[in-house]
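These are my notebook entries on one model. I set out to look up its helical packing and its core.

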Amino acid sequence: MRRPVAAELAINPASSRRMGAVEADSSGYPDCRREFVDAFSRAVSLGTKTGLKLSVEAPLVGMSKARIVREGEKIGAPFELTWSCYSNERKAC
């Protein structure tokens, strides 16, 4: 349940929030599945004050990691500011 905590902290009542879940990671991390993202978004919506519209999205969930990198390169994503591994190291793997 690590991703719900992170997503909950990120939610702003005025907008939707996106998380970087990738289904390829779902064998070890069930919160990386589309099913989880959809359920969590629904829970956020149900647990929010009437009249506020909140959603949680995972636009990368169905992409391969290779495609994510290619798409990031296309838009000039600052990869040096990202963390892309689960190891507890000082530098990303």
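Helices here are DSSP runs of H or I with at least four residues, numbered from the N terminus.

I noted the basis of the entries. The model is predicted, local features need pLDDT of at least 70, side-chain atom pairs count only at pLDDT 80 or more, and totals for chains, interfaces and linings use all residues. Residues are numbered from 1 along each chain as its sequence is written, and side-chain values use heavy atoms, with hydrogens and water left out.

I searched the whole structure for aromatic pairs (ring centres of Phe, Tyr or the six-membered ring of Trp within 6.5 Å; stacked under 30 degrees between planes, edge-to-face over 60, the rest tilted) and found one. Phe-36 and Phe-40 are stacked, at 5.8 Å centre to centre and 10° between the planes.

I then checked burial (buried under 20% relative accessible area, exposed over 50%, partly exposed in between; 1.4 Å probe, protein chains only). The buried residues of α2 are Phe-36, Val-37, Phe-40, Ser-41 and Val-44. Seen down the helix axis, they fall within an arc of 130° and so line one face of α2; the arc is taken over directions from the axis to the C-beta atoms. Exposed Glu-35, Arg-42 and Leu-46 sit on the face turned away from that buried side.

How values were computed. Helices (H or I, at least four residues) and strands (E, at least two) are DSSP runs, numbered from the N terminus.
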